[in-house]
Amino acid sequence: MEITTVLEVKSLTIGYGKDASATKIAEGINFALNQGELALILGCNGAGKSTLLRTLSSVQHPLSGEVKICGEDIFETSPRELAQRVAAVFTDKTMAGGLLVEEVVALGRYPYTGFFGKMGREDREMVQSSLSLVGMAGKSKKYLSQLSDGERQKIMIAKALAQQTPLIILDEPTAFLDLPSRIEILYLLKRLTKEENKTILLSTHDVEQSLSVADKLLLIKGGEVKFKSTAEAIECGDVESLFEERGIAFDKNTGRFIPKLK
Amino acid sequence: MSRRPILFLSILTLLLFIANLFMGSVNIPFADAFNVLLGFETDNKVAESIVLQSRLPQAITALLAGASLAVAGLLLQTAFSNPLAGPSILGITSGASLGVAVVMLATGGVMGAVSGSMTNVLGAFIGAILTLGVIILFSMVVRSNVMLLIVGIMVGYVTNSAITLLNFFASEKNVFSYTIWGMGDFSSVSLSDMPLFVGVSFIGIILSVLLMKPLNALLLGDRYAANLGVNIKRARVLLLLCTGLLTAIVTSYCGPISFLGLAVPHVARLMTKSSNHHTLLPATLLAGSATALVCTLVCSMPWQSGVLPLNAITPIFGAPVIIYVIINRSKIEYFN
C-alpha cells in the first residue's frame, strides 16, 4: 500500500495574541505524519503541548506557518469538512452523563448527518462498529455516567472513530486513569494505528509507558520542537535531555526515568 | 429512547388545557361551557364572555408561556453547562423586568400600557439581551459554574435596585400597576394582543427546536463541539437570541415568573431519563405547558379574594424539585 502523508506542519509558530504583542511559545515546527503512525508530544508542563494540539485541531490560530491535513490547509477548510478529517479527544468534564453510550458515540456522526442530526443506517452501523473496536459494544445502552473513567475515555475514542477521520488527536488521554486503564488505552491506540490505519497524535505525561508504543516523538523544550523517530530520539539523547534541568535522567537500558545521582 | 413520556405529557397537557376552559374562579355549568366552546347558541351570555374572552386566552397564554420559559431554562442549562442555570437565577428575568419598568415607570406610563404592548415587549427584550450579554462576558472570566450562578444572582440584585429606584420616583398609580404585573399573571394577554404574543413565542420555540442538533453536541463542552463542526460563536448567539426572546415575551406580558425555567427541565429529564435534546426538548416544552396550566388552575380556584398571583404558586412547585435534584445529584445521571 502506498504511504500517504496525513498531517503536514511547515515552519509553524505557535503562541497567543497578535502582531507585536504576540507571545511566542514555540517556533520553527516542521514535521509530517504518515498514515498508521502513532506520535507523542512530550514536554514539561507549560512547554506548549496543549497549545500545539489546539493549533493542530484549529481551535487556535498559529502566529505563522501552515498546517495541512490530507493536503489541505486546516484554516481554510470548512468546520464540517475539518470535522471529517481530524477527531479530538480531551479530558474535559462533560455534561453528557445523562446520554446513553451509543448517543455519545453517535455525536461522532455530527459532521455527516443532516440539519436535525437524524441517523441513517450507515451512521448507526458506524456507531456500533466503533464501539466494537474499543471493546465497549456491550455497554451501548448504559448511561455515560455509569462508566468508569477508563471506560469513558474509550467511549470518547469510539466517538472519534465514528467521526471516520484519518487523524485522531488526543490531549493527555491517560490523565486521571489508573495504571491498567492507562496501559489499555495506549495499546488500544496502537492497535487502531495498525488495524484501522489511523494516524494518532497524543500529548502525555506517561512518558515511560507510551514510549513503547510510539513511532515518532515531538519533543518540546524551551520553545524548540524536535521531531524524531522514537528509537532515534532515545539513541541521540533527546529523550534524556527532556527533563535534564529538573535533575531527571533517562536510562536507555530499562526505558525508565530516574533522578540523577549527584 | 422511549416515546412514552412524550405521549403521556401530550395527553396531560391536552387534558389540563381543557380543564382550564371548564374550571375557574366563576362557576359555569359544564353544559353551558361545552355549548360555548363548540360554537352552539347559548342563552348564558356571561358564560360565553368568560369562556371565550377570559378562560380561552388565559389557557393559550399559560400553554405558550410555560413552554417558552421551560425551554429557555433548558437552553441556558445546556449553553452554560450548568443544570442549575435558568432565566431567573441568571438575572435575565430581572433584566427583562427592568426593561418593562423603564417603559412603564420612567416614561410615566405614557408609552406603555398596564401590561403587554409592543413597547413593553421591546423594553423587555432589550433588557433580557443586555443581561444575557453581561452574563456571557462574565462567563468568559468566571470559569466555575457555581460562581457564575452567584454572579447572575448579583446581576439580578443590581437590576432590581434600579427597578426599586424607578419605583421610588414613579407615580403611585404606575407603581401599583407595576407591582400587580410583578406578581405574575397569565390572564394579562387580551384577545387583541394574542397575535403578537403567540407569534413571538412561536418564533422562539421553533428556533429552539432548530437548535436541537448543536445543543446535543454542546453537552460534550465547547472544545468537543467545535471539533465536531459546531460553529460555537454562531450557536451561542442564536441560543442567546432565542432565550432572550422567549424570556422577554413572557415577562413583558405575564410578569417575572419564577422557577418554571429552572425546575421544568429537571422534571423533563427525570421523566424521559435522557439528556438527548431530541427527546428532552419536546418533553420540556410539554412539561412547561402542563406545569403552567396546573398553576393557572390552582390560582383561579374559587378563592375568596379572586384569582391568586402566579408567583405565589410557582415556587411551591419549583423549589422542591430543585431541592430534590440537589439532594439526589449523586444518583442522577445527568449530574455525573
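**View 1. Domain 1 of chain A meets domain 2 of chain A through 13 residues of domain 1 and twelve residues of domain 2.** Two residues are in contact here if their C-beta atoms, placed from the backbone, lie within 7 Å. This is a predicted model, in which local features need pLDDT of at least 70 and side-chain atom pairs count only at pLDDT 80 or more, while totals for chains, interfaces and linings use all residues. Residues are numbered from 1 along each chain as its sequence is written, with chains lettered from A and ligands numbered from 1 in the order in which they are written. Domain 1 of chain A covers 1-85 + 167-262 and domain 2 of chain A covers 94-164, with bounds that come from an automatic or database domain assignment. Taken over C-alpha atoms, the centres of the two domains of chain A are 25 Å apart. On the side of domain 1 of chain A that touches domain 2 of chain A, helix 2 and helix 6 (179-195) of chain A are the elements giving two or more residues. Helices (H or I, at least four residues) and strands (E, at least two) are DSSP runs, numbered from the N terminus. Helix 6 of chain A gives the most to this side, with four residues. By residue type, this side of domain 1 of chain A holds seven nonpolar, two polar and four charged residues. Ala, Val, Leu, Ile, Met, Phe, Trp, Tyr, Cys and Pro count as nonpolar, Asp, Glu, Lys and Arg as charged, and the others, Gly among them, as polar.

**View 2. Helix 6 of chain A has a buried side and an exposed one.** A residue is buried if 20 or more other C-beta atoms lie within 10 Å of its own, exposed if 12 or fewer, and partly exposed in between, with C-beta atoms placed from the backbone. Strand 3, helix 5 (149-162), strand 8 and helix 7 (207-211) of chain A are what the buried residues of helix 6 of chain A pack against. The 17 residues of helix 6 of chain A should span 24 Å at 1.5 Å a residue, and this agrees with its end C-alpha atoms, which are 24 Å apart; the expected span is 1.5 Å times one less than the number of residues. Just after helix 6 of chain A comes A:Asn197, with a positive phi of about 60°.

**View 3. Strand 3 of chain A is covered on both faces.** Five of the five residues of this strand (residues 38-42) are buried, so strand 3 of chain A is largely enclosed by the rest of the structure. A:Leu38, A:Leu40 and A:Leu42 lie on one side, with A:Ala39 and A:Ile41 on the other. In a regular strand the side chains alternate between the two faces of the sheet. Strand 3 of chain A runs parallel to strand 8 (residues 199-203) of chain A, joined by four bridges; two strands pair if DSSP finds at least two bridges between them. Opposite A:Leu38 stands A:Ile200 in strand 8 of chain A. Strand 9 (residues 216-221) of chain A also pairs with strand 3 of chain A in the parallel sense, over four bridges, and there A:Leu217 is the bridge partner of A:Leu40.

**View 4. Strand 7 of chain A runs parallel to strand 6 of chain A and to strand 8 of chain A.** Strand 7 (residues 167-171) of chain A is largely enclosed by the rest of the structure, because five of its five residues are buried. A:Leu167, A:Ile169 and A:Asp171 point one way from strand 7 of chain A, and A:Ile168 and A:Leu170 the other way. Four bridges link strand 7 of chain A to strand 6 of chain A, where A:Ala87 stands opposite A:Ile168. Five bridges link strand 7 of chain A to strand 8 of chain A, and A:Asp171 has A:Ser203 as its bridge partner there.

**View 5. Chain A and chain B come into contact through 25 residues of chain A and 23 residues of chain B.** Helix 2 (79-83) and strand 6 (86-89) of chain A each supply at least two residues of the chain A side. The largest share of that side, four residues, comes from helix 2 of chain A.
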